[in-house]
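Please examine the sequence and the model shown here. The explanation that follows begins with single positions and then turns to the chain as a whole.

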Amino acid sequence: MAQTIAQIITAETSLICEAGTGTGKTLAYLVPAVLSKRKVVLSTGTRALQDQLFRHDLPLVLAALNSAARVALLKGRSNYLCQYRLERALGRAARLNRDLRADLSRVRDWAQVTTSGDIAECQIAENASVWPLVTSTLDNCLAQDCPRLNRCHPQAARRQAQEADIVIVNHHLLCANFALQLNQVGAVIPEPQCWIIDEAHQLPEIAMQFFGLALSTKQVLDLTDDLVTAADSEHDLIGSAPGLSAAVTALTTAAHTLHQAFANVTGRVAWQDLDDPEPILRVLAQLGEALTAVADSLTAVAGQNKEWDRGRERCADLLKRLARLAAPPSEADADWVRWVDVQNWGMRLHLTPLDVAPIFAALREQAPATWILTSATMTVGGSFDHFARQMGWGAEVRTASWDSPFDYPRQALWFLPPDMPDPSTAQYTQRVAVIARELITIAQGRTFLLFTSHRALREVAAQFDTPSFGYPLLIQGSAPRAALLDRFRSLGNAVLLGSTSFWEGVDVRGEALSCVIIDKLPFAMPDDPILRAKIAALQRQGLNPFLEYQLPHAVIALKQGAGRLIRDDTDRGLFVVCDPRLLTRRYGTAFFNSLPPMTRTQELAAVRAFMQPPETLTPAVKPIKRRRARTIKKTEDN
Ligand code: SF4
């Protein structure tokens with residue numbers, strides 16, 4: 001893999017490649033990246049993986065190669081302390097509650113010693129309420145007008161990235177950067193000669209979020225908060241902006257009214273499915289009027305206060321978004337979906353592109369470079385077509401794959417519980433709970449039970465969360481994800497119930513995780529507005545949405561879920577998919593052909609034998625005979 005990537009970088013072409021778990025994928029791209037002596041931007045899925053590359057993997061490679069390559073870590077601006085907002089928050093500390101004041105003092109102390117300003121270095125939880133007070137957003141940053149520009153951490157991080165040979169970013173920043181590039185607003189990531197994108201299977205979905213347009217009530221309320229804060233700190237200016245206070249109050253009311261207009265809606269809903277959009281359009285028009293009134297009041301005091309001047313630009317930006325989001329549907333919107341997300345905190349209006357392939361193709365044309373996209377889960381039935389199509393690549397791009405070196409037939413047993421009802425039946429989740437309970441006992445805890453829906457997770461959690469359960473039970477949402485994983489590793493016999501966020505990017509090696517149970521095949525929710533619009537768009541093109549989109553997505557998701565089990569060559573484990581459709585539907589073979597070649601069985605006795613501690617195994621069950629166990633009894637019978 002390293003040799004192939006080195007050739008691709010030298011030839012200045014591009015590569016899409018899959019490397020199974022345990023291949024050493026990270027080293028295989030880091031070594032040629034360092035040796036190439038070119039400017040390389042590396043992107044990975046999460047900030048945690050970014051930190052791992054920056055603090056561990058890359059230093060190892062640089063030392064081994066005796067390289068003096070300059071490396072920079074670049075995150076989104078909300079990951080850095082904003083000196084200006086910290087000062088402003090300290091000035092208003094008396095108005096904060098005691099906990100916030102305590103956290104603010106800790107941030108102030110840390111601000112004296114940090115050189116990077118990366119909030120991950122500060123010993124305060126990353127979801128603490130203090131962070132929005134002392135970090136900036138694209139909306140509220142004063143940029144060139146900032147009085148603290150010379151001590152600005154986000155700016156310093158960007159400068160370092162400009163000067164570095166290798167820059168490590170994450171996909172969210174990468175896609176935000178591409179969106180800026182497309183809008184010709186000015187990119188934050190320096191243009192490299194080579195992009196290396198790990199966990200690349202996530203890129204198309206993340207890109208959809210960033211290449212679209214959105215407007216939230218929170219954005220509006222953040223603006224009014226910032227305007228009020230600026231006014232409070234500049235009492236003498238209030239007199240010179242008499243209409244501003246009333247206009248800001250009216251805008252705050254308009255934002256709350258907009259949220260209330262969706263009182264009968266929860267979650268993600270397509271605009272076209274709203275019962276009666278007319279009243280909502282009227283509320284949006286009122287929001288537009290309120291924004292215009294604030295902008296006019298701010299124009300009257302232009303040049304007197306930098307935050308007010310920035311506020312005027314923010315009003316203009318919000319008005320532009322509003323005009324597009326509230327406009328009647330047009331032909332230009334055919335490949336976009338308009339939808340709303342309504343939550344307790346407020347609501348967000350979205351316009352999302354259904355196909356990011358042309359956008360990526362345009363980006364590649366705009367700034368030609370080598371692209372290396374890699375992941376452990378890209379192919380479906382050995383083909384890269386699904387991924388390449390989403391990224392706008394045709395047959396011209398080179399593809400390659402390297403299988404995992406693990407001995408899956410020996411190390412993993414894939415159990416398909418017999419006689420499970422169809423997942424659409426009312427008793428399905430109950431049956432999952434029963435079989436999961438039995439398997440957890442066999443595995444002596446040490447299990448991830450992964451769900452495709454929060455509803456099923458809650459239902460099973462309510463049943464298991466009793467004193468008689470017998471094993472430590474960790475439930476998603478009861479603590480931060482990282483804390484749950486730390487506890488899972490240290491307990492050694494815990495059972496973790498999780499949904500989507502535990503399907504990917506979780507690495508638990510050794511016996512603590514010996515069983516992964518999946519409740520259902522991970523098909524996306526059919527009522528999701530983006531999925532429905534995507535299906536309709538594919539139908540319009542005369543394509544089969546299930547085969548072209550839904551099935552490949554589910555296969556990749558199941559590959560990710562299965563990937564949690566065997567993390568090194570000494571791991572052994574049981575993989576369970578409760579969903580009977582794997583055997584009863586023809587598409588089941590797409591999953592079997594795409595996942596690692598685990599031994600498969602429907603016999604509970606084989607599971608018991610496999611899960612016995614190695615020292616107690618009798619010659620009769622050690623090992624399970626490969627040929628017999630790899631067949632699926634039921635399928636053979638059919
Ligand atoms: S330039 Fe922006 S991020 Fe930097 S200190 Fe000023 S407001 Fe904060």
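Asn 66 is found in the loop that runs between helix 3 (47-64) and strand 3 (71-73). The model is a predicted one, and in it Asn 66 has a positive phi of about 50° although it is not a glycine. With a relative accessibility of 72%, Asn 66 counts as exposed, because the class of exposed residues begins over 50%.

A second residue with a positive phi is Gln 444, where the angle is near 55°, again in a residue other than glycine. Gln 444 lies in the loop between helix 18 (428-443) and strand 13 (447-450). Its relative accessibility is 44%, so Gln 444 counts as partly exposed.

A further loop position is Ala 164, in the loop between helix 7 (153-163) and strand 4 (166-170). Is Ala 164 buried or exposed? Ala 164 has a relative accessible area of 4% and is therefore buried, since buried means under 20%. Leaving aside its neighbours within four places in sequence, Ala 164 is in contact with Lys 39, Arg 70, Val 71 and Ala 72. Ala 494, by contrast, is 330 residues from Ala 164 in sequence, and the two C-alpha atoms are 43 Å apart in space.

Leu 325 is placed in a helix, namely helix 14 (residues 306-325). This leucine is buried, with a relative accessible area of 1%. Which residues does Leu 325 touch, not counting those up to four places away in sequence? They are Leu 213, Ala 214, Leu 215, Arg 338, Leu 349, His 350 and Leu 351. For one of these residues, Leu 351, a C-alpha distance can be given: Leu 325 and Leu 351 are 26 residues apart along the chain, and their C-alpha atoms are separated by 6.7 Å.

The buried residues of helix 21 are Pro 529, Ile 530, Leu 531, Ala 533, Lys 534, Ile 535, Ala 537 and Leu 538. In an α-helix there are 3.6 residues a turn, so residues three or four places apart point the same way. The buried residues of helix 21 pack against helix 9 (203-211), strand 7 (267-270), strand 8 (336-343), strand 9 (346-353) and helix 22 (545-562).

The chain can now be considered as a whole. It has 27 helices and 18 strands. Its radius of gyration is 27 Å, close to the 26 Å that the globule rule gives for 638 residues, so the protein chain is as compact as a globular protein of that length. Along its principal axes, the C-alpha trace spans about 90 × 60 × 55 Å. Of the 638 residues, 52% count as buried. Among contacts between residues at least 6 apart in sequence, 77% join residues at least 24 apart.

Key
Residues numbered from 1 in each chain as written. Predicted model: local features only at pLDDT ≥ 70, side-chain atom pairs only at ≥ 80, totals over all residues. Heavy atoms only, no water. Helix = DSSP H or I, 4+ residues; strand = E, 2+ residues; numbered from the N terminus. Rg over C-alpha atoms; globule rule 2.2 N^0.38 Å. Buried < 20%, exposed > 50% of the residue type's maximum accessible area, 1.4 Å probe, protein only. Contact = heavy atoms within 4.5 Å.
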